Amino acid sequence: MYKVLVIDDDTAIQELLKRVLRKQGYEVTVASNGEEGFEQAKLLQPALIICDWVMPRLTGIEVCRRVKASPDLSTTFFILLTSLVTVKDRVKGLDAGADDFISKPIEMNELKARVRAGLRLHQLSQDLQTQKQLLEAELAEAADYVCSLLPESLTEPVKVESQFIPSRKLGGDCFDYYWLDENYLAVYLLDVAGHGLRAALPSVSVLNLLRSKAIPNINYHQPSDVLRALNNTYQMTYQNDKYFTIWYGVYNRSQGQLIYASAGHPPAILISGDGQLAQANKLKTPGMPIGMFPEATYIDNCCVVEKSNSLYIFSDGVYEIPQPEGGIWGIDNFINLILEYNQHGVCHLEKVLDYVRELNGSNVFSDDFSLLKVIFG
C-alpha cells in the first residue's frame, strides 16, 4: 500500500483528498501546514506528496525544496497543488524540484490519473536506487578483492611500502613486488584504461600471470622482454578494447643497479642525495601502452642507485586531481611535493596521501590512488 501525504491548510481540501485517495487504496496522512508536513514526510517517507503552494509560514515551494534536498526523500514524487497557472510560476515550481502540478479547482479524474502516474515513476526511481546500491556493493566487494591480492610491505633487505585507495568507480590499477631470486627484486605498477569491472579484471589477470611466471620463454629479469610478452598476450582487439600502461623495474641488490622499462606510464621518480641536496630524477623509457599495437617495441634503461636513494612509482590518479579554478594539479606539482618532503626529512606516504586528499576536497577519488615507495638502504 503506497503512502500518500497531503499538506494543505484548508481542512475541506484535506478531507476531500483523503476520502478520494483512500478509496483508491492508498494510505493517506494529512498535515495542516508546511512545517508539520515536512516533519511528517521525514517520519513516514511517503511515496507521493500533494502539497498546496500557498500556505502561511512555510510555502509549498519551500517544502518541496526541503523534501528534494533530503536523501531519504529524494525519490518521493512531489505534486504542487496550485491556482497559479502562468509559465513563470510553473518554471519556479519545477526549479524547486516539483515533479507535477494539479490546478485548482481540482478535477478528480485528473487527480487520480496524476497520482497513478506519479506512483509509477516513484516505483521506477526506487528500483533504480536499489540497483544502484547493489552495483555499488558489488564494486566495493571487487575493490576489496583487488586489495586482498596486493602484496604486503617489505622490510628487508629492501623496504617497499604502498598506498592504494580504490576510486568509487573502481579503476584498473594494480601493482606487485617480489624477489625473483635472492639478489633480484621485481617491482611494477600498471593502470588499465577506464573504470569498473572491465578495467579491474584485466589488471588482476596481469598480476596473476606475472606472479605465477606463467608466460613461457621470457626473461623476467629483463623488463623490456616482460613488456613485449605482455603486449603479445594482451592485444586490445581480444581484450574488450582494453589497454594498459605499466612501469616495470628489476633491482640488482649486489650491484646496486636498477634496470627498467615503461609502456606509456608516468615516469618513476628516483630521489638521490640528502637534505637540501636531494634531487628528483625521472625514470622512463619510450613505449606505447600494452595492447595498442602488435608491433610495439620496448627498450631497457638502467641506473645506479645508492642505499640512501628512494624510488616512487605511481599511477596518474595520484596527480590528476581537478582544481576548483579548472585544470588539474599535475605531475610536476606532485614531483615537487615528494622532493620537498625529502629535502625536509622523510617522505611518508601517509603524508602524501593526506595532502592529496585535502587537495581533492574529498576522501573519494575519481581514479585509483596507487603509490609505491622503494627504499634501497
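Is Arg57 buried or exposed? In this predicted model, Arg57 is exposed, with a relative accessible area of 66%, and the views below begin with the salt bridge that this residue forms with Glu35.

**View 1. A salt bridge between Glu35 and Arg57.** The side chains of these two residues meet with a distance of 3.8 Å from N to O. Glu35 belongs to helix H2, which covers residues 34-44, while Arg57 sits in the loop that runs between strand S3 (48-52) and helix H3 (60-69), so that the pair links distant parts of the chain, 22 residues apart. Glu35 has a relative accessibility of 40% and counts as partly exposed, whereas Arg57, at 66%, is exposed.

**View 2. A salt bridge between Asp99 and Lys68.** Here the side chains come to 2.8 Å, N to O. Distant parts of the chain are again linked by the pair, since Lys68 is in helix H3 and Asp99 is in the loop between helix H4 (87-95) and strand S5 (100-103), 31 residues apart. Asp99 is partly exposed, its relative accessible area being 34%, and Lys68, with a relative accessibility of 24%, also counts as partly exposed.

View 3. Arg228 forms a salt bridge with Asp225, and the closest N and O atoms of the two are 2.4 Å apart.

**View 4. The stacked rings of Tyr188 and Tyr248.** A search of the whole structure finds 11 aromatic pairs. In the pair shown, the ring centres are 5.9 Å apart and the planes stand at 10 degrees, so the pair is stacked, an angle under 30 degrees being required for this. Tyr188 lies in strand S8 (residues 184-192) and Tyr248 in strand S9 (residues 244-252), and the pair therefore ties together parts that are 60 residues apart in sequence. Tyr188 is buried, with a relative accessible area of 0%, and Tyr248 is likewise buried, at 0%.

**View 5. The edge-to-face pair of Phe314 and Tyr319, and its cluster.** The two rings of this aromatic pair are 6.1 Å apart, centre to centre, with 90 degrees between their planes. Phe314 is buried, with a relative accessible area of 1%, and Tyr319, at 10% relative accessibility, counts as buried too. Both rings belong to one aromatic cluster that is formed by Phe314, Tyr319, Trp329, Phe334 and Tyr355.

**View 6. Arg66 over the ring of Phe38.** Arg66 lies over the face of Phe38, at a distance of 5.9 Å from the ring centre.

**View 7. His348 in the loop between helices H8 and H9.** The loop that holds His348 runs between helix H8 (331-343) and helix H9 (349-360). His348 is partly exposed, with a relative accessible area of 41%. Between His348 and Ile338, which are 10 residues apart in sequence, the C-alpha to C-alpha distance is 9.2 Å.

Terms used. Residues numbered from 1 in each chain as written. Predicted model: local features only at pLDDT ≥ 70, side-chain atom pairs only at ≥ 80, totals over all residues. Heavy atoms only, no water. Salt bridge = Lys/Arg side-chain N within 4 Å of Asp/Glu carboxyl O. Helix = DSSP H or I, 4+ residues; strand = E, 2+ residues; numbered from the N terminus. Buried < 20%, exposed > 50% of the residue type's maximum accessible area, 1.4 Å probe, protein only. Phe/Tyr/Trp six-rings, centres within 6.5 Å; stacked < 30°, edge-to-face > 60°. Lys NZ or Arg CZ within 6 Å of the ring centre and 35° of its normal.
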